[in-house]
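Hi,

Here is the structure I promised to pass on. Have a look at it first, and then read my notes below.

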Amino acid sequence: MAEVLPFKAIRPAEDKVTDVISYSFENYTSAELSAILAKNPYSFLQIIMAGATPNSPKLPAKDRFDRIKTTYKTFREQHYYQQEQTPCYYVYRKKNNQGVFTGIIAKTSTLDYKNTIIKKHEEIISSRKKNFAKYLKQVGFNAEPVLLTYPDNKDIESLVTKITSTSTTYDFMTENREQHQLWTVDNLQIIEQLVIAFAKIPSLYIADGHHRCASSHELAQIMRQKTKGTNMQTTHDYFMSYLLPESQVKIHEFNRLITDLNNYTPSEILSEISKYYYIKKFEGEKQMLLHTNTEFSMYLEDTFYHLSLKKEAYTFNNVLSALAPQILNDTILEPILGITDVRKDPRIHFFYAKEALSTIKNHIDSGSYRIGFGMQPVSITALKNVADAALKMPPKSTYVVPKLPSGFLLYEF
């Protein structure tokens with residue numbers, strides 16, 4: 001059963017919270033980063049960039065991590081951040097044009113990850129896991145929670161409703177027109193009820209943050225070796241998570257753009273694809289409605305096509321083989337376009353966009369790419385089925401929202 005516990009969060013001073021909150025620096029352009037660093041001395045990006053600029057020479061990892069830790073200590077000494085006096089849960093609600101998301105920020109167990117109570121659906125890159133574990137060990141904090149999901153639960157929902165009927169700790173709007181609300185849960189009776197309610201949940205599923213989760217487990221293993229295998233749990237045995245009921249998790253598709261036709265002509269490509277699909281030409285993208293994971297949209301040489309998989313052309317071996325990204329890999333990307341490793345092949349580009357088909361069209365019409373594909377998003381049920389079967393989805397199978405802020409709450413080791 002899942003161990004989901006309160007913790008003493010490090011959180012911004014109330015008069016600094018709107019300035020501190022940010023997103024991963026990878027979400028910003030160089031110009032945006034430079035502007036924020038120049039005008040906002042309180043931004044969490046000041047910690048992550050640690051005196052550097054987007055165009056600064058890259059320092060060795062140890063030196064960068066030391067700078068981050070030093071800058072973080074300065075923020076703490078200046079009281080931009082403060083630590084909770086007692087362990088608390090935190091109900092966090094985010095409202096934006098993608099919806100309203102209300103979940104619980106807590107600490108979760110690396111042992112649950114090891115024992116597959118916390119289940120994953122994505123392949124972990126070992127080097128990335130180890131590098132981020134080194135980062136965590138050196139800086140000493142989690143700054144962005146892992147997004148975990150669980151089946152909707154009436155007991156937890158009732159407690160969250162009760163909590164959100166009280167006064168907020170924070171309630172503010174950011175420049176991108178997102179509203180952020182936080183309730184600090186320090187009532188011992190409610191805390192106990194939440195601990196019990198989560199302990200009854202058999203499995204949690206990683207929706208976003210696979211490498212952060214894996215790195216936290218890696219760090220726990222490193223620290224356990226240093227303590228000579230003692231069974232006493234420490235702060236390193238946990239990591240910060242945002243737990244959201246699965247009905248609130250939204251999964252969007254990643255679309256594919258490819259730079260060339262693998263030495264085929266457009267007519268030859270259509271001929272090859274017709275071995276797997278029924279092909280129908282469309283005049284405009286607004287008519288392109290996909291209803292199942294065996295249908296795809298395709299744009300090639302000024303024309304949209306609807307692709308519908310021929311039943312006799314493909315075998316469904318397991319839950320993974322029924323996913324749209326896997327079907328596309330198995331029928332077109334690998335056998336026809338010669339893309340055998342979608343993670344490393346520079347010929348393929350992934351993107352998420354609301355106006356997916358018009359984006360595909362614009363990229364291809366500009367000459368940057370030759371062919372593009374759109375697909376149905378993976379469902380939360382399919383995600384769970386893959387995780388339950390201990391299988392791994394192809395890279396860029398899901399674009400999950402909500403995306404969570406950095407530096408809003410921190411978990412310190």
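**What turned up**

Strands β14 (residues 255-258) and β19 (residues 371-375) run antiparallel to each other and pair over three bridges. Within that pairing, Leu257 sits opposite Gly372 of β19. Before you go further, keep in mind that this is a predicted model.

The two strands belong to an open sheet of six, in the order β15-β17-β16-β19-β14-β18, with antiparallel pairing. β15 (277-282) and β18 (348-351) are at the edges with a single partner strand each, so one side of each has no neighbour in the sheet. On average, neighbouring strands here are turned by 25° against each other, ignoring direction.

There is a helix on this sheet too: α10 (residues 266-273) packs on it and touches β15, β16 (295-300), β17 (303-309) and β19. The direction of α10 makes about 170° with that of β16.

Searching the whole structure for cavities of 30 Å³ or more gives one. The largest cavity has a volume of about 70 Å³. Its lining includes Tyr92, Ile105, Ala143, Pro145, Met240 and Tyr242, and also Leu404, Pro405, Phe408 and Leu409.

Last, the cysteines. How many disulfides are there? The count comes to zero, taking a disulfide as a pair of cysteine sulfur atoms within 2.5 Å. Cys88 is buried, with a relative accessible area of 1%, and Cys213 is buried as well, at 0%.

Cheers

Note on methods: Residues numbered from 1 in each chain as written. Predicted model: local features only at pLDDT ≥ 70, side-chain atom pairs only at ≥ 80, totals over all residues. Heavy atoms only, no water. Buried < 20%, exposed > 50% of the residue type's maximum accessible area, 1.4 Å probe, protein only. Pairing = 2+ DSSP bridges. Helix = DSSP H or I, 4+ residues; strand = E, 2+ residues; numbered from the N terminus. Axes fitted to C-alpha atoms, helices over the stretch in contact; angles between N-to-C directions. Contact = heavy atoms within 4.5 Å. 1 Å grid on protein atoms, 1.4 Å probe; cavity = no way out; pocket = protein on both sides within 12 Å on 5 of 7 lines; lining within 4 Å. Points joined across faces, edges and corners; volume = space filled by probe spheres on them.
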